[in-house]
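Here is a short report on one protein chain. Look at the sequence and the model, then read on.

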Amino acid sequence: AYTLPAMVFVPLTGVVADMYGRRTVIIPSLLAFGLGGVAIGFVEPIAAPLPTSAFQTILGLRALQGAGVAVFMSLTVALLGDFYTGATGTTAQGLRVAWNGLGGILVPLIAWALAGIAWNVPFFLYGVAFLVAGATVLFLPEPISGMEEGASVRQTLATYGRSLRAELNDLQMAVLISGGFARDFVRYAV
């Protein structure tokens, strides 16, 4: 429920962000991610067995989160590339990866501690996405769009397709993309 929408939305993110602006796309994605997570905390308390309707609601909310995370995680890479270049850009991307790794370690520990209060309290951690969305509204300037002025959706998709084809013709890039896909497929889908 979480991974499938993410897999669907990641390839579309760049096109939509180029067409409508990065801020226009990233803010709703942060709100969707936060809303989906926080709302799980309000689903009826888990009884044994979990009612089907509650389980379906949780799956729907996780799908909403998956769509949101696909957008803002891929756009953070693009935004850092928009604002930083050279060694500063490499450092910024490295810090992004480091913070993601640190979050992957700390958040489960924090959630575990909060679950001692009540089963649903850890889900309120997703509310941090609302703070990030607010900070984005206040402080993130819109970088220059990657879409040519007056280009249609069809033209933009055709440009992306040609760029992707050219990248995949480079053997090293094809291996890198294939390896990343295989790793993520095994990690998340299998």
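This is a predicted model: local features need pLDDT of at least 70, side-chain atom pairs count only at pLDDT 80 or more; totals for chains, interfaces and linings use all residues.

Residues are numbered from 1 along each chain as its sequence is written, and side-chain values use heavy atoms, with hydrogens and water left out.

**The chain**

The chain has 7 helices and 0 strands. Helices (H or I, at least four residues) and strands (E, at least two) are DSSP runs, numbered from the N terminus. The C-alpha atoms fill a box of roughly 55 × 40 × 35 Å along the principal axes. Of the 190 residues, 28% are buried. Buried means under 20% relative accessible area, exposed over 50%, and partly exposed in between (1.4 Å probe, protein chains only).

Helices H1, H2 (22-40) and H3 (52-83) each give two or more residues to its lining. A pocket is an open set of points on a 1 Å grid over the protein atoms alone, with protein on both sides within 12 Å along at least five of seven lines; lining residues have an atom within 4 Å of a point. Among the lining residues are Phe-9, Leu-12, Val-16, Ser-29 and Val-71. The lining divides into 8 nonpolar, 3 polar and no charged residues.

**A surface patch**

Val-16 sits in helix H1 (residues 3-20). Val-16 is partly exposed, because its relative accessible area is 33%. Val-16 also belongs to a nonpolar surface patch of about 670 Å², with Leu-4, Met-7, Val-8, Phe-9, Leu-12 and Tyr-20. Such patches use residues with over 30% relative accessible area and no salt bridge, with nonpolar side chains joined within 5 Å.

**Salt bridges**

How many salt bridges are there? The count is 2. A salt bridge is a side-chain nitrogen of Lys or Arg within 4 Å of a carboxyl oxygen of Asp or Glu.

| Pair | N to O distance |
|---|---|
| Arg-22 and Asp-18 | 3.3 Å |
| Arg-22 and Asp-82 | 2.4 Å |

Asp-82 in helix H3 and Arg-22 in helix H2 are 60 residues apart, so this pair links distant parts of the chain. Arg-22 is buried, at 11% relative accessible area. Shared partners join Asp-18, Arg-22 and Asp-82 into one network.

Methods. Patches are made of residues with over 30% relative accessible area and no salt bridge: like charges are joined within 9 Å, nonpolar side chains (Val, Leu, Ile, Met, Phe, Trp, Tyr) within 5 Å. Accessible areas come from the Shrake-Rupley method with a 1.4 Å probe; for residues, only the protein chains shown count as cover. On a 1 Å grid over the protein atoms alone, a cavity is a set of points where a 1.4 Å probe fits but cannot get out, and a pocket is an open set with protein on both sides within 12 Å along at least five of seven lines; lining residues have an atom within 4 Å of a point. Ala, Val, Leu, Ile, Met, Phe, Trp, Tyr, Cys and Pro count as nonpolar, Asp, Glu, Lys and Arg as charged, and the others, Gly among them, as polar.
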